[in-house]
Amino acid sequence: MTVVLAGVGADTTNVGTVAPLYDDGRFEYVPIPEKTRETDEEETFGSWPLRGRKGVAADLTTRIRPRPIGDDDLVLSGEDLAGWPLHRDPNFEALSYGEHRAGYVSRLRSLEAGDAVGFYAGLSDGDRTHRYLIGSFTVEEIAVVTPETPPEEREAILERFPENAHAKRASGTELYREEKAVVLLAGREPGGLLARDPVRISDYYVAAGNERAQYYLRERVSEKLSVVAGRENMTFKPAYECSIPAERFHELLGEPGDRPVDEPA
């Protein structure tokens, strides 16, 4: 494989809403809530600026569910919401990304330097929510921390990924989800968060044998990106493996500030 597509960003499961896609093609990227206050991340819902209008991420919702370990019922609103830290993952400024979801770890850890990661998120134009490619980066380095990784090796890895959200919430050399493997990726250009015109990669319909409509990967996108693995149903943001060359993927997605809007949607 040369490209992995990863589902990211806050949505109805943790902030009760979906980030907006504006009429002029601009959109908001809002990271998910951090699961713990114990993080070095300085950005909060009250400080994260919106890109398409005045305001901050806290203005998009009235309550969030951080879902920390052992307290899935925690709900925050008001000043508590505004002061809650973001799990800034991916970090598009530092080009850093980390994952502990098992289905993601297995795909991401197989990438090599020069491959690419594309990021998609749910966005709403006011009528319908869809999944959109919102950014990417080229892989520079990959490291995996497991429960068996010695403390000295963990320390060295975390020091190489200082802007990664998983490193920021680590307690010494102990990661937040200590029982899980975590893959950390450092990126390089080409890459970044798109300025506007994200690429829609989902359709919404009732599949044969189902009673309700759900989100599915668009057939033409699957063909153009040469998707070789990953569930067709996109409702729960699966990771996809693509065999398209990384260079061609970046050409189709375009530069963060100047995407060719007719490709590949």
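Student: What is the relative accessible area of arginine 67?
Tutor: This is a predicted model, in which local features need pLDDT of at least 70 and side-chain atom pairs count only at pLDDT 80 or more, while totals for chains, interfaces and linings use all residues. Residues are numbered from 1 along each chain as its sequence is written, and side-chain values use heavy atoms, with hydrogens and water left out. A residue is buried under 20% relative accessible area, exposed over 50% and partly exposed in between, with a 1.4 Å probe and protein chains only. Arginine 67 counts as partly exposed because its relative accessible area is 34%.

Student: Where does arginine 67 lie, and what is its phi?
Tutor: Helices (H or I, at least four residues) and strands (E, at least two) are DSSP runs, numbered from the N terminus. In these terms, arginine 67 belongs to the loop between strand 4 (63–64) and strand 5 (76–77). Although arginine 67 is not a glycine, its phi is positive, near 55°.

Student: Which loop holds serine 226, and what is its relative accessible area?
Tutor: Serine 226 sits in the loop between helix 5 (219–224) and strand 14 (227–229), and its phi, near 55°, is positive in a residue other than glycine. Serine 226 is classed as partly exposed, because its relative accessible area is 27%.

Student: Does threonine 12 count as buried or exposed, and which residues does it touch?
Tutor: Threonine 12 is in the loop between strand 1 and strand 2 (19–20), and it counts as exposed because its relative accessibility is 52%. Its C-alpha atom is separated by 12 Å from that of proline 33, 21 residues apart along the chain. With contact meaning heavy atoms within 4.5 Å, and leaving out residues up to four places away in sequence, threonine 12 touches Thr17 and Val18.

Student: Which residues have the most contacts inside the largest nonpolar core?
Tutor: A nonpolar core is a set of buried Ala, Val, Leu, Ile, Met, Phe, Trp, Tyr and Cys residues joined through side-chain atoms within 4.5 Å. The largest one has 60 residues, and those with the most contacts inside it are Phe45, Tyr97, Val117, Ile134 and Leu225.

Student: Which elements give two or more residues to that core, and how many residues does the other core have?
Tutor: The elements giving two or more residues include strand 1 (3–7), helix 2 (102–108), strand 8 (116–124), strand 9 (129–145) and helix 6 (246–253). Apart from this core lies another, with Val145, Ile157, Phe161 and Ala167 among its members, and its number of residues is 11.

Student: What is the radius of gyration of the protein?
Tutor: The secondary structure comes to 6 helices and 15 strands, and 52% of the 265 residues count as buried. The radius of gyration is taken over C-alpha atoms, and the globule rule is 2.2 Å times the number of residues to the power 0.38. For 265 residues a compact globule would be near 18 Å, and the protein agrees, because its radius of gyration is 18 Å.
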